[in-house]
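Reader: I would like a close look at one part of this chain, followed by an account of the parts around it. Please keep to what the model shows.

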Amino acid sequence: MQIHVVIDNISHCALGAEHGLCLFVQTEEHRFFFDFGQTDLFLSNAQAMGIDVESADFAIVSHGHYDHGGGIEAFLHANAHAPVFLHPEAFARCYSEKEGRKRYIGLAPALQGHPRLHFVTDSPSQGFHPHTEAHAPAKNIEIFSLAHRTHPLSPANGRLFVKLGDTFLPDDFRHEQSVVISEGDRRVLLAGCAHGGILNIMERAEQLIGASLTDVVGGLHLKGVADERYITQLATALAARPCHYHTCHCTGEEAYEQLRQLLGPQISYASAGSVIRL
């Protein structure tokens, strides 16, 4: 399995960088995109990495924020056949707050009715909402959302909201979904921002596959978090698992350095242009 980091906040090579995430995953049988970043930059970066966008069998968008799904329309033009899988709540009206001002950070509403967008979730007993169209995109690849959260969420979530009518409510991230891949001796979790808490997401993935994860790839949403106690407790819990963490995007450079001090070689940063070979 190979996971190409097409878009990240950071690039240590000639590739462009932007606040966002885009991964291109190659398994033995399938090729797919996980998120698209916020613009069409992923197209030129993919070309520079030798990735044929048209070769993707499907794509998955982790949640309804522009820095993960902003490139959907560009993908639909560049790839003429692949379905894009989203959570049914992916087009929620999402906002972030800074200095008392809220700005829209959701997906482009005009795309909502596109025929190649497929909305998937867990079964009624497991998900936040009734079953819409449960669909495993391929063998040994499963999309899932969270039913329960027992571990605390990142303090950085506190500045994110959804708008219902004229009212802003704290975002509960029901629009978030993750992916677990089982191949050979590897059990890999892809988590866009882990808004639902990376420990909660890991536990859900392990329930689904009946085994411990070997690798986690994605953001941990710790950028701007000043609560060192929270980061230390999270690092302690992560270190107790037989897992390697390939983190990026919303983890933030400062939080990553703190995690690196506590986790050592168990964690690494996956900047744009990186290829994770598993």
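Is E99 buried or exposed, and what is its relative accessible area?

Author: The model is a predicted one. In it, E99 is exposed, because its relative accessible area is 76%, and the cut-off for exposed is over 50%. E99 sits in the loop between β6 and β7. Its phi is positive, near 55 degrees, although E99 is not a glycine. Most residues other than glycine have a negative phi.

A second residue with this backbone feature is F173, a residue other than glycine with a positive phi near 60 degrees. F173 is also in a loop, the one between β11 (167–170) and β12. F173, however, is buried, with a relative accessible area of 2%.

Of the 21 residues lining the largest pocket, H19, S96, R103, R159 and L160 are the closest to its centre. The elements that give two or more residues to this lining are β6 (94–98), β7 (101–104) and α2 (66–69).

Helix α4 runs over residues 198–209, twelve in number; at 1.5 Å a residue they should span 16 Å, and the end C-alpha atoms are 17 Å apart, which agrees. After α4 comes G210, with a positive phi near 70 degrees.

A polar atom of the R204 side chain lies 3.4 Å from the backbone oxygen of S145.

On the strand side, V188 is a residue of β13. V188 counts as buried because its relative accessibility is 0%, and the cut-off for buried is under 20%. Leaving aside neighbours within four places in sequence, V188 is in contact with V179, V180 and I181, with L213, T214, D215 and V217, and with M1, I3 and L278. V188 and Q177 are eleven residues apart along the chain, and their C-alpha atoms are separated by 14 Å.

Helix α6 (residues 253–263) shows a division into two sides. Its buried residues are A255, Y256, L259 and L263. These four are on the same side of α6 because they cover an arc of only 100 degrees around the axis. An α-helix has 3.6 residues a turn, so residues three or four places apart point the same way. The other side of α6 carries the exposed residues E253, E254 and Q261. Over the buried residues of α6, the cover includes α5 (228–239), β15 (244–247) and β16 (267–269). Just after α6, G264 has a positive phi of about 60 degrees.

To return to the residue in the request, E99 is exposed and lies in the loop between β6 and β7, two strands that each give two or more residues to the lining of the largest pocket.

Methods
Residues are numbered from 1 along each chain as its sequence is written. This is a predicted model: local features need pLDDT of at least 70, side-chain atom pairs count only at pLDDT 80 or more; totals for chains, interfaces and linings use all residues. Side-chain values use heavy atoms; hydrogens and water are left out. Buried means under 20% relative accessible area, exposed over 50%, partly exposed in between (1.4 Å probe, protein chains only). The arc is that of the directions from the helix axis to the C-beta atoms. Contact means heavy atoms within 4.5 Å. The expected span of a helix is 1.5 Å times one less than its number of residues. A polar contact is a pair of N or O atoms within 3.5 Å; within protein, one must be able to donate a hydrogen and the other to accept it, and residues adjacent in sequence count only if both atoms are side-chain atoms. On a 1 Å grid over the protein atoms alone, a cavity is a set of points where a 1.4 Å probe fits but cannot get out, and a pocket is an open set with protein on both sides within 12 Å along at least five of seven lines; lining residues have an atom within 4 Å of a point.
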